[in-house]
Structures are given as C-alpha cells and as structure tokens.
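Please open the structure in a viewer and keep a selection tool at hand. The stops below proceed from one selection to the next.

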Amino acid sequence: MDAQSFATVFSHIDEYWSGFFRTLITSLAALVMSFILGFTIASLRVSGVKPLAFCARWYVEFLRNTPLLVQIFFLYYALPQLHIGFLNLSGFQAGMLGLTFYTAAYIAEIVRAGIQSVPKGQMEAARSSGLSYYQAMVFIILPQAFRIVIPPLGSQFINLVKNSAVLTFFAGYDLMYVADSLQGSTGQVFPVYILAGVFYLILTIPLSILVNFLERKLLV
C-alpha cells in the first residue's frame, strides 16, 4: 500500500459518490418505511386487542431472530417460486423490503418499550379528562415516549445505513458494490475499503450528531 495505490483508487472517486448517493437514498426510503411499519406494529402490541398483539409479537420475534440476509434471500429467491406476479421482486425491491421489514421489528420494540415506560396514570388521566384512546396516545403518551426512544431509535437508524451494504448481493451500485467492483478492477484492497469506510462515516456521523442534538433538546 503506497501513495500510488491511493491515487489509483481516488481516480474513481465519482463512482464512490454515485454509490454514496444510491446508498443514501435507499437508506432514507427504508428508514421512513420502517419507521411507519414499526410504529404501526408497536401500536398493535399495546392496543390491548389480543389477536393483533399476538400477531405483532410474532412478527417481531421472527424478524429479529432470523438473519437479514436469509430474509432477503427468501424475498428474492423463494417468493417467485409461488408464481404470483407481484411477488416477483427485483433485487432492489427485495433488498429494500428486507431492510424495511427487519428494521421495523427493532423499531417496533423500541417504540413499544417507550410507550410502556410512560406511567399508566398518564393514560388514565387523559381518558378521565374526556380524550379518546387515540387522542390520549397522540397528544399525551407518544410525545413523552418519543423523548425516551430517541437514543435507541438513532442507533437503529445508523444500523440501517450499515445494513444497507447487503444490497450489494441483490441490487448493486450501492457503496459496497462500488468498493467490491473497484477492488476487482484495480487490484487494490486497503485503499478501496478504507475509502468505502470513510464514505459510510460521512453517512453515519451526521446522523449521530443529529440524534445527540435532539436528545439534548427534547429530554427533560
């Protein structure tokens, strides 16, 4: 590894940026979808309706206790065997859905724990003042729970960005795919993966700073 090795890799910096932005867009899309899905599952778990809570619990247990790679392989290779049109997913679709389903399971548990950490008296007081269950959740319980779950949610979002590297196996053109391709075409190993790590840090460090900022602003 010498200066010439780094110069060779830096000559492909545009390809890194292309992979960087594709990884960024994919992560943001998966982040939004996993948050919505995770929030919905958490709501089902604390709804008090036993069949819904049972299904939500098993969704979480199954997704959290099986590897992400296995889940995406199932979506990409197994579902098309059913010969149902809309289940024939592209590599990108399978990767995106796998990331979403997997991350949503963790977010659901984080949000559920946050909701249940709010004293029950808060809900009882809200209901006794005339609010419906939905209004009490939206205006009283969730704002308090949100402050509690910011740190673990931030960690989970950072994990999502790092987990997006699995798209290399299915969709391609993400940051890790670019690094692997350059490693093969240039023969350089250390500079290629060091630069890939730097680009991942460009993605995750601002997110860490944002989470810390929100934590300081919102925690009482």
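Which residues does Thr 204 touch, not counting residues up to four places away in sequence? Select Thr 204 and display its surroundings: the contacts are Ile 158 and Val 161. The model in view is predicted. Thr 204 is located in helix α9, and its relative accessible area of 10% places it among the buried residues, since buried means under 20%.

**The whole chain**

Next, zoom out and colour by secondary structure. The protein chain contains 9 helices and 0 strands, so that the pattern read along the sequence is α-α-α-α-α-α-α-α-α. Along its principal axes, the C-alpha trace spans about 70 × 50 × 25 Å. Of the 220 residues, 39% count as buried. If a surface is displayed, its accessible area comes to about 12100 Å², and carbon and sulfur atoms contribute 68% of that area. Among contacts with a separation of 6 or more, 73% are between residues 24 or more positions apart.

**Aromatic rings of α2 and α9**

Now show the aromatic side chains; 10 aromatic pairs are found in the whole structure. One of them is formed by Tyr 16 and Phe 199, which are stacked at 5.4 Å centre to centre with 5 degrees between the planes. Because Tyr 16 belongs to helix α2 and Phe 199 to helix α9 (residues 190-218), this pair ties together parts that are 183 residues apart in sequence. Both Tyr 16 and Phe 199 are buried.

**Helix α5**

Select residues 91-117, which make up helix α5. This helix has 27 residues and reaches 39 Å from its first C-alpha to its last, close to the 39 Å expected at 1.5 Å a residue. Because 19 of its 27 residues are buried, α5 is largely enclosed by the rest of the structure.

**The salt bridges at Glu 109**

Side chains of opposite charge can pair when their charged atoms come close. A search of the whole structure finds 2 salt bridges. In one, Glu 109 pairs with Arg 45, with 2.5 Å between the closest N and O atoms. That pair links distant parts of the chain, as Glu 109 is in helix α5 and Arg 45 in helix α2 (residues 13-45), 64 residues apart.

Glu 109 also forms a salt bridge with Arg 112, where the closest N and O atoms are 3.0 Å apart. Because Glu 109 and Arg 112 are 3 residues apart in helix α5, about one helical turn separates them. Through shared partners, the salt bridges join Arg 45, Glu 109 and Arg 112 into one network.

Is Glu 109 buried or exposed? With a relative accessible area of 13%, Glu 109 is buried, because the cut-off for that class is under 20%. Arg 112 is buried as well.

**Annotated spans**

Finally, colour the residues that an unreviewed UniProt entry places under "transmembrane region": 20-42, 62-79, 91-111, 131-150 and 190-214. Residues 91-111 are 100% helix and 0% strand, with the end C-alpha atoms 30 Å apart. For residues 131-150, the model gives 90% helix and 0% strand, and the end C-alpha atoms lie 26 Å apart.

Terms used:
Residues numbered from 1 in each chain as written. Predicted model: local features only at pLDDT ≥ 70, side-chain atom pairs only at ≥ 80, totals over all residues. Heavy atoms only, no water. Salt bridge = Lys/Arg side-chain N within 4 Å of Asp/Glu carboxyl O. Helix = DSSP H or I, 4+ residues; strand = E, 2+ residues; numbered from the N terminus. Buried < 20%, exposed > 50% of the residue type's maximum accessible area, 1.4 Å probe, protein only. Expected span 1.5 Å × (residues − 1). UniProt positions renumbered as here; feature names shortened; annotations may be inferred. Phe/Tyr/Trp six-rings, centres within 6.5 Å; stacked < 30°, edge-to-face > 60°. Contact = heavy atoms within 4.5 Å. Areas by Shrake-Rupley, 256 points an atom, 1.4 Å probe, with all protein chains shown as cover.
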